[in-house]
Amino acid sequence: MRGISLLLLSLLSLPSAAAEIELFAWERPPLVQQSLDGQGAGLVPELTRELFRRAGISYQLSFLPLQRALVKVQQESNGCVLLVERRQEREPYYAWVGPLLISRLGLYAKADDDLQLDSLEQARGLRILSHQGSGAGDYLQGVGLDVLYSNKESLNLSMLQRSRARLWATSAAVVHALGAKPAPREVLPFLTLMEDIACHPQLDPALLQRLQTSLQQMYHEGWVQALYQQHGVSLE
Amino acid sequence: MRSVMWLVLLFSTLTHAANPLQEAIAELQPSSLAAAEQRAELAWFAAAGKPFAGVQVRVIAEHIPTHWYEATVLAPLFSRLTGIRVIHEISGEDDVVNKLRTQQQTGLPLYDAYVSDSDLLGQHFRDGQVLVLSDFIAGAGASVTSPTLDLADFIGLPFVTAPDGKLYQLPDQQFANLYWYRQDWFERPELRQAFRERYGYELDVPQNWSAYEDIAAFFTEQVGEIDGQRVYGHMDYGGYDPSLGWRLSDAWLGMAGVADLGLPNGLPVDDWGIRVEGCRPAGASMARGGALDSPAAVYAVQQYVDWLKRYAPPEAQQMSFNQAGNIAAQGHVAQQIFWYTAFTADYTKPGTPVVDGEGKPKWRVAPSPRGAYWQDGMKSGYQDVGAWTLLNTTPLRQRQAAWLYAQFVTAKSVSLRKTLVGLTPIRRSDLDSPALLAEAPRLGGLVEFYRSRAARRWTPTGANVPDYSGMASLWWRQLHPAISGKLSAAQALHNLAVAFDQHLQVVAQRQQNPCAPQLNPPRGAQYWLPQPGAPWPQLADERPPGRTLKYQEALRAWD
């Protein structure tokens with residue numbers, strides 16, 4: 001009898017073992033960071049933890065550069081990237097759960113720069129710094145603006161302060177987290193960005209549905225909004 | 001944060017030393033209004049905006065020249081005039097739909113207004129989340145509604161008025177799907193003679209798909225090269241992208257003749273193949289009385305796939321809507337069966353291969369040819385408006401400020417200038433203006449189309465689709481296998497029809513509306529095919545002889 005129970009138990013546990021998702025994160029302080037013990041820290045990993053807990057799905061988190069993470073997800077049918085900007089050109093190539101992060105992006109200038117902008121058109125001819133993979137740079141390049149990428153926002157801040165570029169495309173949360181004094185000044189809000197978990201297109205649709213339903217519920221309860229507030233992220 | 005933004009705006013106002021009213025009048029020329037009327041209308045906006053000074057509104061629209069003009073010129077102008085700061089984002093059309101859906105599903109305040117296609121009207125009036133503009137204008141929006149709004153002047157108003165008789169959206173830009181061709185090539189005597197000898201009729205505007213196919217084959221296979229350049233007789237797109245769905249759902253099935261007779265859309269079966277009983281969607285598959293997997297639909301998709309592969313430039317098979325939009329403007333395409341007029345600005349740029357030395361187009365637009373199942377009384381083409389869409393959950397003050405901006409960019413003071421820049425007309429008064437009539441020869445027939453009564457026979461998706469944002473993705477996901485060769489057109493359409501029925505069932509459980517879906521029981525195609533109307537039984541001959549008309553005669557469809 002006991003043997004049969006153990007067999008049943010192990011059979012029942014199979015779907016959950018098979019359901020484990022490989023989650024590849026890439027660092028974007030302060031919203032996604034790798035702590036000293038290799039775990040995820042920041043708004044997005046916290047949200048992800050709660051989301052997967054509610055959905056009853058286990059996952060393994062590891063950190064990789066974005067491009068490698070995107071390649072991994074194409075190769076591994078249970079792989080997902082945390083996070084990817086969801087936009088039309090990418091839509092068919094992943095299965096999506098989101099949005100996990102909604103960012104208001106703006107163009108920032110040095111505090112003592114008297115530059116004024118009314119529209120993106122007026123940024124033509126000015127060099128703009130952007131974090132590789134954030135989506136902002138692609139967008140600005142797409143409308144014909146001059147974008148310079150780096151892999152660290154701290155480097156972008158440093159380049160802005162040394163006048164290597166006149167503008168920096170980023171969010172208030174990043175500016176605040178880097179704590180520069182005086183802080184760069186937003187001269188033009190220009191884009192609202194939605195970022196999702198992007199999974200292998202053949203990932204089990206039932207898992208995706210459970211995650212999406214759980215996320216919806218977290219929004220309805222105000223759980224996500226409260227987390228945003230805790231981390232100083234605003235949709236103002 | 002908002003006070004900082006206001007300081008920035010104030011500083012910006014000071015640096016633009018000119019009086020904002022004067023500045024607006026200088027930019028907004030020509031106008032369909034007399035100078036005094038324009039000044040009075042703009043002064044009304046300045047006064048109406050005063051109580052909202054310092055408010056910031058976020059709006060979003062798709063990436064076409066009209067919206068780029070709004071974002072870069074009109075939004076700053078409005079801000080200086082009223083003190084309301086507008087962040088006017090530009091994004092892909094699919095992104096606009098996704099963001100609207102996200103705001104509806106999460107309740108997050110992403111935007112205060114969207115410019116979204118009227119194709120979503122069937123969803124808006126059933127879901128109850130979109131602001132009913134006619135109620136708003138009579139109620140909380142009365143004090144911020146321009147006395148010169150003149151709704152009757154909007155040519156696309158029927159597209160944004162739901163079956164309940166209420167107005168849900170305000171037209172911002174309007175575009176149609178027309179036949180496009182190189183008139184200069186069609187006039188070449190040697191090409192006309194060669195075509196006549198081979199096909200036995202004249203190289204003119206095709207009236208049916210047989211003639212379109214003959215002309216496509218003629219240029220791609222027989223002519224091959226003009227003035228040393230490889231040329232093609234057809235242009236389309238087939239990349240695995242959300243826009244593939246619009247390609248098929250906007251035009252192919254409607255012009256093949258899938259639907260029933262009736263305007264603005266076939267009744268009881270529309271050109272998405274959805275049958276309605278009363279106003280309730282009752283099924284898309286033939287099994288439930290729909291026509292999405294009917295012989296006419298299979299014929300439509302089969303022609304689409306065959307022509308894309310045989311007659312279009314090879315790279316078109318991988319392209320999306322935006323990538324394909326201005327390809328024919330590069331000067332190596334003879335005709336395009338379905339061409340979006342939203343791209344007119346790209347096709348009238350001086351110095352491009354499709355514009356002559358005097359700045360006049362070498363191309364013309366005409367009514368698209370009809371497929372074998374098309375019958376008189378069906379819609380004659382696809383047309384839609386991108387329209388201002390506000391949500392009930394947006395706080396009143398934000399809603400009022402956004403409504404002021406929506407009215408401004410569509411106001412008579414503004415719309416003629418905007419039309420001349422973006423070529424997406426919305427107002428009858430602009431179409432009747434001397435300025436637009438003077439531009440007509442430069443626009444290849446666009447103005448003639450909009451001034452004709454045809455506008456009523458070129459219609460959008462219509463109100464039968466109860467969840468456009470949820471169902472639109474089914475088109476491209478289910479039909480792309482027919483392009484890649486993994487499935488036949490019939491198999492792919494069967495899968496799509498089944499997916500539609502399942503989705504309608506889910507929506508039926510969600511929507512609390514007398515017009516929510518209620519599926520017919522499955523009775524089988526053999527029950528429905530012999531019944532009158534759609535789904536139409538298979539024709540014995542789907543390829544009648546080709547027929548063409550001279551350009552001026554072809555335009556009589558617009559009379």
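This is a predicted model: local features need pLDDT of at least 70, side-chain atom pairs count only at pLDDT 80 or more; totals for chains, interfaces and linings use all residues.

User: Thanks! How many residues of chain B are in contact with chain A?

Analyst: On the chain B side there are 38, and they are in contact with 33 residues of chain A. The area buried between the two chains is about 3,100 Å², and carbon and sulfur atoms give 54% of that.

User: Which three residues of chain B supply more of that area than any other three?

Analyst: Those are Arg58(B), Trp68(B) and Leu108(B), which supply 16% of the area chain B buries against chain A.

User: What about the inside? Which residues have the most contacts in the largest nonpolar core?

Analyst: That core has 172 residues, and the ones with the most contacts inside it are Ile197(A), Trp209(B), Phe219(B) and Phe500(B). Helix 12 of chain B, residues 295–311, gives the most to this core, with 10 residues. There is also a second, separate core of 50 residues, which includes Ala24(B), Ala113(B), Leu157(B) and Tyr405(B).

User: Let's go back to Trp209(B). What is it in contact with, leaving aside neighbours within four places in sequence?

Analyst: Quite a list! Among its contacts are Trp252(B), Met255(B), Tyr299(B), Trp307(B), Phe338(B) and Arg370(B). Arg370(B) also has its charged end over the ring of Trp374(B), 4.3 Å from the ring centre. Another such case is Arg523(B), which lies over the face of Tyr527(B) at 3.9 Å from the ring centre.

User: Nice. And how many aromatic pairs are there over all chains?

Analyst: A search of the whole structure finds 49. Take Trp272(B) and Tyr468(B): their ring centres are 5.3 Å apart and their planes are at 40 degrees, so this pair is tilted. The two residues are 196 residues apart in the chain, with Trp272(B) in the loop between helix 11 and strand 8 of chain B and Tyr468(B) in helix 20.

User: Are those two buried or exposed?

Analyst: Trp272(B) has 0% relative accessibility, so it counts as buried. Tyr468(B) is at 5%, so it counts as buried too.

User: New topic: helix 5 of chain B. How many of its residues are buried?

Analyst: There, 12 of the 14 residues are buried, so the helix is largely enclosed by the rest of the structure. The buried ones include Glu93(B), Asp94(B), Lys99(B) and Leu100(B).

User: What span should it have, and what does the model show?

Analyst: At 1.5 Å a residue, helix 5 (residues 93–106) should span 20 Å, and its end C-alpha atoms are 20 Å apart, which agrees.

User: Which residues have a positive phi although they are not glycines?

Analyst: Asp227(B) is one, with a phi of about 50 degrees, and Leu423(B) is another, at about 60 degrees. Asp227(B) is in the loop between strand 6 and strand 7 of chain B, and at 66% relative accessibility it counts as exposed. Leu423(B) is in the loop between helix 16 and helix 17 of chain B, but at 3% it counts as buried.

User: Last one: where are cis peptide bonds found?

Analyst: One joins Pro29(A) and Pro30(A), with omega about 5 degrees. Another joins Gln29(B) and Pro30(B), where omega is about -5 degrees. Pro30(A) lies in the loop between strand 1 and strand 2 of chain A, while Pro30(B) lies in the loop between helix 2 and helix 3 of chain B.

Terms used. Residues are numbered from 1 along each chain as its sequence is written. Chains are lettered from A and ligands numbered from 1 in the order in which they are written. Side-chain values use heavy atoms; hydrogens and water are left out. Rings of Phe, Tyr and Trp (its six-membered ring) pair if their centres lie within 6.5 Å; planes under 30 degrees apart count as stacked, over 60 as edge-to-face and the rest as tilted. Helices (H or I, at least four residues) and strands (E, at least two) are DSSP runs, numbered from the N terminus. Buried means under 20% relative accessible area, exposed over 50%, partly exposed in between (1.4 Å probe, protein chains only). A charge sits over a ring if NZ of Lys or CZ of Arg is within 6 Å of the ring centre and within 35 degrees of the ring normal. A nonpolar core is a set of buried Ala, Val, Leu, Ile, Met, Phe, Trp, Tyr and Cys residues joined through side-chain atoms within 4.5 Å. Contact means heavy atoms within 4.5 Å. The expected span of a helix is 1.5 Å times one less than its number of residues. Buried area is the accessible area (1.4 Å probe) that two parts lose on being put together, summed over both.
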